[in-house]
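Here is a short report on one protein chain. Keep the sequence and the model in view while reading.

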Amino acid sequence: MNVARSAGILDAHATRIGLAAMLCAPLLSFGAQPAAGDFGPPRGAPIHAVLTSPPNVPPPVARNRPAKVIVTLEVVEKEMPISEGVTYTFWTFGGTVPGSFIRVRQGDTVEFHLKNHPDNKMPHNIDLHGVTGPGGGAASSFTAPGHESQFTFKALNEGIYVYHCATAPVGMHVANGMYGLMLVEPPRGLPKVDHEYYVMQGDFYTTGKYREKGAQPFDMEKAIDERPTYVLFNGAEGALTGDKAMKAKVNETVRLFVGNGGPNLVSSFHVIGAIFDKVRFEGGTNFQTNVQTTLIPAGGAAIAEFRTRVPGSYVLVDHSIFRAFNKGALAILKVDGEPDKAIYSGKELDSVYLGDRAGANLNAVTRATASSAAGTLSLDDQVHAGQALFAGTCSVCHQGNGAGLPGVFPPLAKSDFLGADTRRAIGVVLHGLSGKVTVNGQEYHSVMPPMTQLNDDEVANILTYVLNSWGNPGGRISIDEVKQQRAAPTAPAKASEH
């Protein structure tokens, strides 16, 4: 054979081997090859699984043998906050949304107990995507209130798996928060990291609009039409912000187990200011590196890992971005430590990214809501609540000191336009403003969009704060005044008409 041709064949063969090795590398790096005997009978005494509430994750399995693992999960129907001053009756696995995190080892024999609390009103079951068997366990776990069901399965496949209720109407049960994650570790475990957190997205459908106060029931028509009122991480707006934010330090490794309960929306999961070093996409064995945003389908999950480099507030969002800033899909990872200006030298401006979550849990808003419900709402309550809301809703354009931007956005400080007619001010916030306007002797020509995402109490509190700040004349806007203005909506006003 021609020597050159022989060398070419050998080179091509070597290239194919190298390519195959590269394609297989992701599988091997996560320990996908089962250890001998992993699928045999369980060894040792039965183990009761440690279940954790989000965002916490159970400790690694740290076993070199398969075991019998007993998992006991209770369904609880309960009313909980979904936003400040807003409650919703959630159906939960373990009393939280998402449900308790389950962690087992590939090859384990899992004895699963599902309990339906006697005070519940509905039957429930569970479909675990990590189960090989009819309905993922749903066919064996239909459970009436006050009853308990049991079934057993072998954890054959490693990965991160969604579980959810599959009782008819399935969509309603899932939409009410009945989902969670189960991790099946490979026999050799996952690589060690400094922090593991559990985050799960869900879309919620209420009869009232976004942040409308009071107890909000489920809206089946909105759910069928896929028009969510809220898109949330871990079941509530603010569940992972303020003093509930996840925490890490500079130069630590973070692993996020991220699920999407749906029932309808696909998540474009992104951490602002971080790049994922590694993502196990769709919860499978293969991984992608250097990822900015990863898609997580409804009923799917992913594992995202990265190292923290510089301190600051890192914002987790669904990058279908209106969901983050107008429906609640926003969480915070707070990283502490010394800055590294060789990596990042600019200053952090939280209000741009955090929206009205820049405040620590909006405690002032919560107090104002409670005072309003009790009929004791004071001017101070409104001012403090309005200040917290202004920081995230208005300060980007009008600035934190009310000065605006010269030639672009008119000032709110010492504003003759604002103080002249408070009813007009309410109308501007509700319906927007376009065209030329003169404020404090200076002409401005820009557009303010209607702030339709704000509720009546939020509009009243923001305007009350502005009227009592930066040299303005004072005064107070009531919720009833805002209601009256909203009752007769109009097209965006032209500033020249005022």
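## A surface patch

This is a predicted model. Start with Ile-321, which sits in the loop between β20 (312-318) and α4 (322-327). Ile-321 counts as partly exposed because its relative accessibility is 32%. Together with Phe-322 and Phe-325, Ile-321 makes a nonpolar surface patch of about 300 Å².

## Overall make-up

The protein has 12 helices and 24 strands. Of its 498 residues, 51% are buried. The protein exposes about 22,200 Å², and carbon and sulfur atoms supply 56% of that area. Among contacts with a separation of 6 or more, 70% join residues 24 or more positions apart.

## Nonpolar cores

In soluble globular proteins, nonpolar side chains tend to be buried together. Here the largest nonpolar core has 29 residues. Leu-256, Phe-269, Leu-316 and Leu-333 have the most contacts inside it. Leaving aside neighbours within four places in sequence, Phe-269 is in contact with residues including Phe-233, Leu-256, Val-258, Phe-276 and Leu-316.

Another core, of 28 residues, lies apart from the largest one. Its members include Ile-82, Tyr-179, Ala-223 and Ile-303.

## Two sides of helix α12

Helix α12 covers residues 479-487, and its buried residues are Ile-479, Val-482 and Gln-485. They lie on the same side of α12, because they cover an arc of only 125° around the axis. The face turned away from that buried side carries the exposed residues Gln-484 and Ala-487. What covers the buried residues of α12 includes α6 (363-374), α10 (422-431) and α11 (456-467).

## Salt bridges

Side chains of opposite charge can pair when their charged atoms come close. The structure holds 14 salt bridges. One of them joins Arg-63 and Asp-108, with the closest N and O atoms 2.8 Å apart. This pair links distant parts of the chain, 45 residues apart: Arg-63 is in the loop between β1 (47-48) and β2 (68-83), and Asp-108 in the loop between β4 (102-105) and β5 (109-116). Both Arg-63 and Asp-108 are buried.

Lys-68 and Glu-111 also meet in a salt bridge, at 2.9 Å from N to O. Lys-68 lies in strand β2 and Glu-111 in strand β5, so the pair ties together parts 43 residues apart in sequence. Lys-68 is partly exposed, at 28% relative accessible area, whereas Glu-111 is buried, at 12%. Asp-457 and Lys-213 form a further salt bridge, at 3.2 Å. Asp-457 is in helix α11 and Lys-213 in the loop between β10 (195-204) and β11 (214-215), so this pair ties together parts 244 residues apart in sequence. Finally, a network of salt bridges links Arg-103, Glu-185, Glu-196, Arg-255 and Glu-305.

Methods
Residues numbered from 1 in each chain as written. Predicted model: local features only at pLDDT ≥ 70, side-chain atom pairs only at ≥ 80, totals over all residues. Heavy atoms only, no water. Patch = residues over 30% accessible without salt bridge, like charges linked within 9 Å, V, L, I, M, F, W, Y side chains within 5 Å. Areas by Shrake-Rupley, 256 points an atom, 1.4 Å probe, with all protein chains shown as cover. Salt bridge = Lys/Arg side-chain N within 4 Å of Asp/Glu carboxyl O. Helix = DSSP H or I, 4+ residues; strand = E, 2+ residues; numbered from the N terminus. Buried < 20%, exposed > 50% of the residue type's maximum accessible area, 1.4 Å probe, protein only. Arc of directions from axis to C-beta. Contact = heavy atoms within 4.5 Å. Core = buried A, V, L, I, M, F, W, Y, C linked by side-chain atoms within 4.5 Å.
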